[in-house]
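Colleague: Could you take me through this model? I'd like to begin with the surface and then go on to the strands.

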Amino acid sequence: TLVPIKRLMRTSKRSKYYEYWFKDTELNSGVVFRLEEKNQLQNLWDNIFNKKEPLKIEGYYTRRERDGFEHFAVTNWNLVEA
């Protein structure tokens, strides 16, 4: 179960994307996943995320590190109904 924390806009040389940050309630760990800036479902996802309600997200969780902060990145994710 993931609790929404914050959305950030990230820009690289090749693309722009949003990072959605969550807190994993079981592991007390940070979790992030990316959504391309021009994704057609952006508004729908923002509405779900901005409710700040816990979400269940299945996918491939990979341990990552950025600036000394360990977290999980999620790819091939699916939103699971409660």
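**Surface and fold**

Modeller: The protein exposes about 6,200 Å², and carbon and sulfur atoms supply 46% of it; these accessible areas come from the Shrake-Rupley method with a 1.4 Å probe, and for residues only the protein chains shown count as cover. This is a predicted model, in which local features need pLDDT of at least 70 and side-chain atom pairs count only at pLDDT 80 or more, while totals for chains, interfaces and linings use all residues. Residues are numbered from 1 along each chain as its sequence is written, and side-chain values use heavy atoms, with hydrogens and water left out.

Colleague: Which pattern does the protein follow along the sequence?

Modeller: The pattern is β-β-β-α-β-β, where helices (H or I, at least four residues) and strands (E, at least two) are DSSP runs numbered from the N terminus.

Colleague: OK, and in which sense do E4 and E5 pair?

Modeller: Strand E4 (residues 56-66) and E5 pair in the antiparallel sense over 10 bridges, pairing being assigned if DSSP finds at least two bridges between two strands. Glu58 has Asn78 in E5 as its bridge partner. The two strands form a hairpin with two residues between them, and Asp67 in the turn has a positive phi of about 55 degrees.

Colleague: And E3 with E5, parallel or antiparallel?

Modeller: Strand E3 (residues 29-36) and strand E5 (residues 69-80) pair in the parallel sense, over three bridges, and Gly30 has His71 in E5 as its bridge partner.

Colleague: Changing topic, how much of the protein is buried?

Modeller: Buried residues (under 20% relative accessible area, 1.4 Å probe, protein chains only) make up 30% of the 82 residues.

Key: Buried means under 20% relative accessible area, exposed over 50%, partly exposed in between (1.4 Å probe, protein chains only).
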